[in-house]
Amino acid sequence: MKIVIAEDDEVSRLVLRRTLESLNFEVVAMADGQEAWDYLRENEAQVVITDWMMPGLDGLDLCRRLRVRGGRGPYTYLILLTGRHSREDRLKALQSGADDLLAKPLDRAELFARLNVARRIIGMEEQLRSRSAELERMHAELEQRNTRLAEIASCDGLTGLKNHRHFREALQGQFSLARRRGVPLSLVMIDVDQFKAFNDSFGHPAGDQVLVDVAHRLRSCVRDHDVVARYGGEEFAVLLPSSDAGAGRSLAERLRESIERHPWTFRPITISLGVSTLTPDVGRADALIEQADRSLYRSKAKGRNRVTHASDLAHGKDRPVVDWGDDIAEGPANDALICSTADQDIVRLAELLHEEDQAMPSVA
Ligand code: GH3
Ligand code: MG
Ligand code: MG
Ligand code: MG
């Protein structure tokens, strides 16, 4: 235990110093309050024993300064030496921040007993400090783990992309923000083409690897604040804050090209994409998904490996999407159905649809 003495009387200082050293304490002796204060500003000590009456900075002022400084460092136990014994003096001493008073002339046994009290209190304070440091460390570790857990809970296990739940939350958040601020927002829905056939031919593990690679390529094409998520199965969603229809469409085209261009191991992989963009008439976030979905189906119906924007549907370039099966295909201009089936029911259905809605293709 290190003890700093502040005592202006040379003889008293020497006696105190010798006594403490004989009790095996580490001692630093100072000739007045100012000297002790200067020393304690730079150095730590567990105990300060200070005379009351000293020229310049007296014992009371030294106690006050040390208490005002306080801080997060270890506690300093303060003992005031005094020949003054009145009740008022004792109160004054304690109010200045002293922990204890020692009467002059010093009694060796009493000094020793009081220093044992100091040692006990300092020991407890050290224990408290180390427990609170341990608690702080555990708290920081817990926060780190919680952050990690939240990350895991928002990620897709296979691809590492954001998962469906996170995507829905992000969409809702971005949708509200975009509406409030009047900034654009686009959404791209993506589906891997003929993926069932890929699995059937090369197995699910190879299929999984394709999904991982597709995810990686999608992520690498977008900005940091764009949200790329695995929507489910072989379907992905990309949320593009601040992107208008033009930007959404061209980003979707970049994604499509990036997948098409990649030298895939087993066979070429392509994706079909549908894009929607927030317009004043879109009142719900889900409507953006529905529009992007319809556009995606349109890309599939037109032959896959392509991008359709919802505005293409709205401008009459589209009709309700009907899955005609293998026997009927849409003509290249999408205004006729090429029919290779003898099934008159299907042909009649197509004719009826055309009669009801001229936007539907006629049968050729
Ligand atoms: P389309 O071009 O019309 O989208 O054809 P498709 O075969 O991709 O569509 P379909 O919906 O018939 O099949 C989707 C396939 O995606 C079926 C399923 O086995 C596969 N799939 C979905 N999730 C996973 C996955 O996590 N891993 C693997 N390997 N395959 C998956
Ligand atoms: Mg003195
Ligand atoms: Mg699908
Ligand atoms: Mg698919």
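Isoleucine 49 stands opposite isoleucine 79 of strand β4. Strand β3 (residues 47-51) and strand β4 (residues 77-82) run parallel, joined by 5 bridges. Strands count as paired if DSSP finds at least two bridges between them. Helices (H or I, at least four residues) and strands (E, at least two) are DSSP runs, numbered from the N terminus.

The model is predicted: local features need pLDDT of at least 70, side-chain atom pairs count only at pLDDT 80 or more, and totals for chains, interfaces and linings use all residues. Residues are numbered from 1 along each chain as its sequence is written, while chains are lettered from A and ligands numbered from 1 in the order in which they are written.

Back to the sheet. β3 and β4 belong to an open sheet of 5 strands, ordered β2-β1-β3-β4-β5, with parallel pairing. β2 (26-30) and β5 (100-103) stand at its edges with a single partner strand each, so one side of each has no neighbour in the sheet. Helix α1 (residues 10-22) packs on this sheet and touches β1 (2-6), β2 and β3. Its direction makes about 170° with that of β2. Contact here means C-beta atoms, placed from the backbone, within 7 Å. Angles run from 0 to 180 degrees between N-to-C directions, and axes are lines fitted to C-alpha atoms, for helices over the stretch in contact. Helix α5 (residues 108-153) also packs on the sheet, touching β3, β4 and β5.

Next, two helices. Helix α2 (residues 33-42) and helix α3 (residues 59-69) pack at about 20°, with axes 9 Å apart. That makes α2 roughly parallel to α3, a term for angles under 35 degrees. The contact includes Trp37 and Leu40 of α2, and Leu62 and Leu66 of α3.

β7 pairs with strand β8 (residues 235-241) in the antiparallel sense, over 5 bridges.

Finally, the ligand. Of the 17 residues around ligand 1, Asp193, Phe195, Lys196, Gly207 and Gly233 come nearest. A residue is near if its C-beta atom, placed from the backbone, lies within 6 Å. β6 (185-192), α7 (195-202) and α8 (204-221) each supply at least two residues of this shell.

Definitions and conventions
Angles under 35 degrees count as roughly parallel, over 145 as roughly antiparallel, 65 to 115 as roughly perpendicular and the rest as oblique. Two residues are in contact if their C-beta atoms, placed from the backbone, lie within 7 Å.
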